[in-house]
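Visitor: I am new to this structure and would like to go through it step by step. Could we have it on screen?

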Amino acid sequence: MPATNSRAELNEWGRHETEEERADRKWGELIQEVRVAQTGVQILFGFLLTVVFQQKYDSLAHTDKIIYIVTVMLGAAATGALIGPVSLHRLVSGRRVKPQAVEVASRMTFVGLALLLATMTSSLLLILRVATHNGAVSWLVTAVVAWYALCWYAAPLWTRRRHTE
């Protein structure tokens, strides 16, 4: 069991908090972040589940049906990864492992966001293929994925690098 301080000390982030207080703060922040992503992935996944029951589904090209199946599987995986931190918290609550649980939940969330990016990409690909039958679809999807990568990864990593000593 790791040693903890009984009084709050100034840590590397310039905060006066114990390891437990830091874990509590990080957990609260993580759960707020997960709520946003969970809502989005659950709405998208719910929508995807209804597509197969639409009349137009039978007339989709074989390739589009494969894209749909891959998209549903990615959506299911993203949903699992983004709901995982809730289950983790429930199962380890009261076991005095919050710092470790925060680390595992953070990794689940990162994986969930990567899977959400893949789900959004394949959803967009499928929708634009069916809606336009246009050769520009791959360019449009690439542009949106580049935008997601900029907003979700490049800007945060740039900020971290620029403002971290």
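Visitor: How far apart are the end C-alpha atoms of residues 109-130?
Guide: They lie 31 Å apart, and the span is 100% helix and 0% strand. Please keep in mind that this is a predicted model.

Visitor: What does UniProt say about that stretch, residues 109-130?
Guide: The unreviewed UniProt entry marks residues 109-130 as a "transmembrane region", and it places the same feature at residues 34-54, 66-88 and 136-155. For residues 66-88, the end C-alpha atoms are 33 Å apart, and that span is 100% helix and 0% strand.

Visitor: And helix 3, what span should its 35 residues have?
Guide: At 1.5 Å a residue, helix 3 should span 51 Å; its end C-alpha atoms are 49 Å apart, which agrees.

Visitor: Which helices do the buried residues of helix 3 pack against?
Guide: They pack against helix 1, helix 2 and helix 4. Among these buried residues are A101, G112, L116 and S122. Just after helix 3, H133 takes a positive phi of about 50°.

Visitor: Changing topic: how many aromatic pairs are there in the whole structure?
Guide: A search finds three aromatic pairs. One of them joins Y57 and Y68 edge-to-face, at 5.4 Å centre to centre with 65° between the planes. Y57 lies in the loop between helix 1 (19-51) and helix 2 (62-92), while Y68 is in helix 2, so this pair ties together parts that are 11 residues apart in sequence.

Visitor: Are Y57 and Y68 buried or exposed?
Guide: Both Y57 and Y68 are buried.

Visitor: Why is the pair of F110 and Y153 edge-to-face?
Guide: The planes of the F110 and Y153 rings stand at 75°, with the centres 5.8 Å apart, so the pair is edge-to-face; an angle over 60 degrees counts as such. This pair links distant parts of the chain, with F110 in helix 3 (residues 98-132) and Y153 in helix 4 (residues 137-163), 43 residues apart.

Visitor: Is F110 buried or exposed, then?
Guide: F110 is exposed, at 51% relative accessible area. Y153 counts as buried, with 19% relative accessibility.

Visitor: Now the largest nonpolar core: which residues touch the most other members?
Guide: Of its 15 residues, those are V41, Y57, Y68, V72 and L116. Helix 1, helix 2 and helix 3 each give two or more residues to this core, and the largest share, six residues, comes from helix 1.

Visitor: What does V41 touch?
Guide: Leaving aside residues up to four places away in sequence, V41 touches G75, A78, T79, L82 and L116. There is also a second, separate core of eight residues, including I31, L88, V102 and A105.

Key: Residues numbered from 1 in each chain as written. Predicted model: local features only at pLDDT ≥ 70, side-chain atom pairs only at ≥ 80, totals over all residues. Heavy atoms only, no water. UniProt positions renumbered as here; feature names shortened; annotations may be inferred. Helix = DSSP H or I, 4+ residues; strand = E, 2+ residues; numbered from the N terminus. Phe/Tyr/Trp six-rings, centres within 6.5 Å; stacked < 30°, edge-to-face > 60°. Buried < 20%, exposed > 50% of the residue type's maximum accessible area, 1.4 Å probe, protein only. Expected span 1.5 Å × (residues − 1). Contact = heavy atoms within 4.5 Å. Core = buried A, V, L, I, M, F, W, Y, C linked by side-chain atoms within 4.5 Å.
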